[in-house]
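Work through the exercises below with the sequence and the model open. Each task is followed by a solution in steps.

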Amino acid sequence: MTRRALVLGAGGIAAYAWEIGLACGMADAGLDVRDADLFVGTSAGSRVAAQLAGGDLLEQLFRSQLARPNPAAAPAPRVDFARVRADVIRAKQAGGAPADILKRMGAIALAAQPGSSAARRNFVASQLPSSSWPAREMLIATVNTETGERTVFDSASGISLLDAILASGAVAGIYPPIEFRGQHFMDGGFYALANSDLAVGCDRVLVLTLRAGNPPLAVVSLESTIEELQAAGARVEVILPDEATEAAFASTGGMFDPAVAAPAARENSVS
């Protein structure tokens, strides 16, 4: 029996809206990605994974992205993200094993914690189809700030679905790491943009992800995770934003600007 996986990568509001738009466009073309056997989500992709695995209506999700920015949405805290990004890049350039680099990034995340995340928690909770983990298998990638190790949460991990999603999207300097059992967890996108290798064991893998920045912040490249899948015998298809989509991203205030949602969702053609 063929086992299929859907992998959804990181990238803020832009990635969230684009992935929903693309899923809706593919469904219109006859491919319903909600039929996957395994969902792998990183950062923004973890929220999309929970919605798709939970059976949310694609048209409803798509229309929500075209609406005016939701006043209830938790805005990104006012932080000097350019400085935080520069700090993260320096932590990566200092070298060492991936865990060593990620521990340095974790220290930055802990030191640069913004204020209360209650608004964000309430907003993300309101978007989930259920407070429980979906029946379909789902993996959510995070990074342990203390150890620098990638930590993958699933329904057996003991963490709530909401906390796992919040941890996976806890971008250093924008949203605070999430505490679970005495340790803190941050954005899994610092390990790998899509963590595609978590789908090893599946026969067919579809990866929806944005392109890495320049320089990339993740310590493991998309290409290496895809190679690992292929070495394990998987048939892999990767869909990246086309030029029109990237132009739509650039026309707004950035990946975390609510104004990016509508243009990102509309650009749902397969490139």
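**Exercise 1. A residue in helix α2**

Task: Find the helix that holds Gln-51, decide whether Gln-51 is buried or exposed, and list what Gln-51 is in contact with.

Solution. 
Step 1. Gln-51 lies in helix α2; helices (H or I, at least four residues) and strands (E, at least two) are DSSP runs, numbered from the N terminus.
Step 2. The relative accessible area of Gln-51 is 1%, so Gln-51 is buried. Buried means under 20% relative accessible area, exposed means over 50%, and partly exposed lies in between, with a 1.4 Å probe and protein chains only.
Step 3. With neighbours within four places in sequence left aside, Gln-51 is in contact with Tyr-16, Ile-20, Asp-56, Leu-61, Gln-127 and Pro-129. Contact means heavy atoms within 4.5 Å.

Two notes apply throughout. The model is predicted, so local features need pLDDT of at least 70 and side-chain atom pairs count only at pLDDT 80 or more, while totals for chains, interfaces and linings use all residues. Residues are numbered from 1 along each chain as its sequence is written, and side-chain values use heavy atoms, with hydrogens and water left out.

**Exercise 2. The buried faces of α3 and α9**

Task: Name the buried residues of α3 and of α9, and state what covers the buried residues of α3 and of α9.

Solution. 
Step 1. Helix α3 spans residues 58–66, and its buried residues are Leu-58, Leu-61, Phe-62 and Gln-65. Because these residues fall within an arc of 100 degrees when seen down the axis of α3, they line one face of the helix. The arc is that of the directions from the helix axis to the C-beta atoms.
Step 2. The cover over the buried residues of α3 includes α1, α2 (44–53) and α10.
Step 3. In α9, Thr-245, Ala-248 and Phe-249 are buried. They too fall within an arc of 100 degrees, seen down the axis of α9, so they line one face of that helix. Glu-243 and Ala-250, on the other side of α9, are exposed.
Step 4. Among the elements covering the buried residues of α9 are α1 (12–28) and α10 (261–266).

**Exercise 3. A residue of α1**

Task: Determine how far Ala-14 is from Pro-258 in sequence and in space, and which residues Ala-14 touches.

Solution. 
Step 1. Ala-14 is found in helix α1 and is buried, with a relative accessible area of 0%.
Step 2. Ala-14 and Pro-258 are 244 residues apart in sequence, but their C-alpha atoms are 8.3 Å apart in space.
Step 3. Not counting residues up to four places away in sequence, Ala-14 touches Phe-249, Met-255, Val-260 and Ala-264. Phe-249 is one of the buried residues of α9.

**Exercise 4. Salt bridges**

Solution. 
Step 1. A salt bridge is a side-chain nitrogen of Lys or Arg within 4 Å of a carboxyl oxygen of Asp or Glu.
Step 2. Arg-121 lies in helix α6 (residues 118–127) and Asp-163 in helix α7 (residues 161–168), so the pair ties together parts that are 42 residues apart in sequence.
Step 3. Salt bridges that share partners join Arg-83, Asp-87 and Arg-90 into one network. Within it, the closest N and O atoms of Asp-87 and Arg-83 are 3.1 Å apart. Both lie in helix α4, four residues apart, about one turn of the helix.
Step 4. Asp-87 counts as buried at 18% relative accessibility, and Arg-83 as partly exposed at 45%.

**Exercise 5. The largest pocket**

Task: Give the volume of the largest pocket and describe its lining by class and by helix.

Solution. 
Step 1. On a 1 Å grid over the protein atoms alone, a pocket is an open set of points where a 1.4 Å probe fits, with protein on both sides within 12 Å along at least five of seven lines; lining residues have an atom within 4 Å of a point.
Step 2. The largest pocket has a volume of about 830 Å³, the volume being the space filled by probe spheres set on the points, which are joined across faces, edges and corners.
Step 3. Its lining has 33 residues, and Arg-85, Leu-193, Arg-211, Ala-212 and Gly-213 lie nearest the centre.
Step 4. By class, the lining has 21 nonpolar, six polar and six charged residues. Ala, Val, Leu, Ile, Met, Phe, Trp, Tyr, Cys and Pro count as nonpolar, Asp, Glu, Lys and Arg as charged, and the others, Gly among them, as polar.
Step 5. α4 (81–93), α8 (222–231) and α9 (243–250) each supply at least two lining residues; α4 gives the most, with five.
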